[in-house]
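Visitor: I would like a close look at a single part of this model. Please set that part in the context of the whole chain.

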Amino acid sequence: MTTPPSSNASSSDAAGKPVLLVLDTEPSPRLGRLTGRVRVAYADDSTLAALLPSADALLVWDFASHAVRRAWPGTGPRPRWVHTASAGVDHLMCPELAESDTLVTNARGVFDQPIAEYVAALVLAMAKDLPRTWELQKAREWRHRESGRIAGTRACVVGSGPIGRAIERTLGALGITTALVGRTARDGVRGPEELDRLIARSDWVVSAAPLTEETYGMFDARRLGLMQPSARFVNVGRGQLVVEDALARALSERWIAGAALDVFEHEPLGPDSPLWEVPGLIVSPHMSGDTVGWRDELGRQFVELYELWEAGEPLPNVVDKRRGYVPGH
């Protein structure tokens with residue numbers, strides 16, 4: 001059972017309404033049915049630490065901010081529930097939060113299929129040489145070429161959560177034989193001890209894992225060197241999963257045929273980054289899960305979770321704060 005806000009004696013306003021603190025960014029969340037039922041306060045990076053002690057719950061709407069990690073170790077009470085409008089929680093986790101009794105939930109379920117569709121689009125674009133077609137069109141150059149088939153190829157998807165499973169299903173619908181790799185082996189999921197072997201035989205390697213101590217920098221020069229020269233790499237997980245210099249070298253020296261990155265170690269990617277010019281690399285600005293109406297869906301999800309929390313009901317999407325993701329998948 002989760003603890004309803006009324007049990008948190010450190011907060012609630014003078015009228016007895018629970019205090020919801022929003023780490024905000026534009027556009028602000030639409031909270032719908034919660035209007036008039038809670039007192040909403042808004043914070044940014046500079047004010048979050050001072051406002052945390054007065055809050056019953058914290059909505060991390062600005063999921064690109066690291067303000068929670070910096071502010072949480074301060075003095076005073078802390079919210080009993082933190083929800084982040086993102087799948088990953090690495091941006092907010094710190095030892096003090098991990099060791100506290102504060103509940104942390106994420107936006108699991110919102111981004112699964114959109115990201116899977118984006119990965120499928122990247123696979124099709126690379127197999128069919130669509131970036132080159134666009135370049136030739138702009139140059140008004142008619143150059144017939146042959147493109148690759150994807151049905152019958154093999155993929156290795158690293159990350160067995162809902163996003164990884166959606167990618168597996170979507171690639172499977174395109175005729176790609178897909179192996180799913182997770183933290184532990186179980187039905188339908190290969191264990192990490194099989195990862196190197198699967199990478200070496202795959203035409204597509206897709207990174208969709210959470211960022212943890214075990215996954216940080218997992219796609220380094222050694223692992224990229226295991227891939228076939230005809231293989232392509234896609235990262236829609238976290239930028240820190242990939243050693244970017246090693247990937248740039250793998251592409252420049254043609255260890256692999258191509259790659260696509262939607263996430264980066266430092267975001268936004270600066271205009272002077274050498275990654276913009278790496279041959280065979282598709283760069284997109286962390287947009288794989290952001291379809292039309294995604295913010296409204298995130299807002300609706302939070303309202304539903306808040307009403308469960310307010311009633312003292314168990315919440316879905318509870319993050320194992322030491323592992324850094326929602327267990328059980």
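Is Cys94 buried or exposed, and at what relative accessibility?

Guide: Cys94 has 6% relative accessibility, so Cys94 counts as buried. Buried means under 20% relative accessible area, exposed over 50%, and partly exposed in between, with a 1.4 Å probe and protein chains only. This is a predicted model, where local features need pLDDT of at least 70 and side-chain atom pairs count only at pLDDT 80 or more, while totals for chains, interfaces and linings use all residues. Residues are numbered from 1 along each chain as its sequence is written, and side-chain values use heavy atoms, with hydrogens and water left out.

Cys156 counts as buried too, because its relative accessibility is 0%. Now the sulfur pairing. A disulfide is a pair of cysteine sulfur atoms within 2.5 Å. By this rule the count is zero.

Step back to the chain. Of its 329 residues, 50% count as buried. The accessible surface is about 15,900 Å² (Shrake-Rupley method, 1.4 Å probe). Carbon and sulfur atoms hold 52% of that surface.

Next, the fold. The chain has 10 helices and 11 strands. These are DSSP runs: helices are H or I with at least four residues, strands are E with at least two. Take contacts (heavy atoms within 4.5 Å). Among those between residues at least 6 apart in sequence, 62% join residues at least 24 apart.

Last, the extent. The C-alpha atoms fill a box of roughly 70 × 45 × 35 Å along the principal axes.
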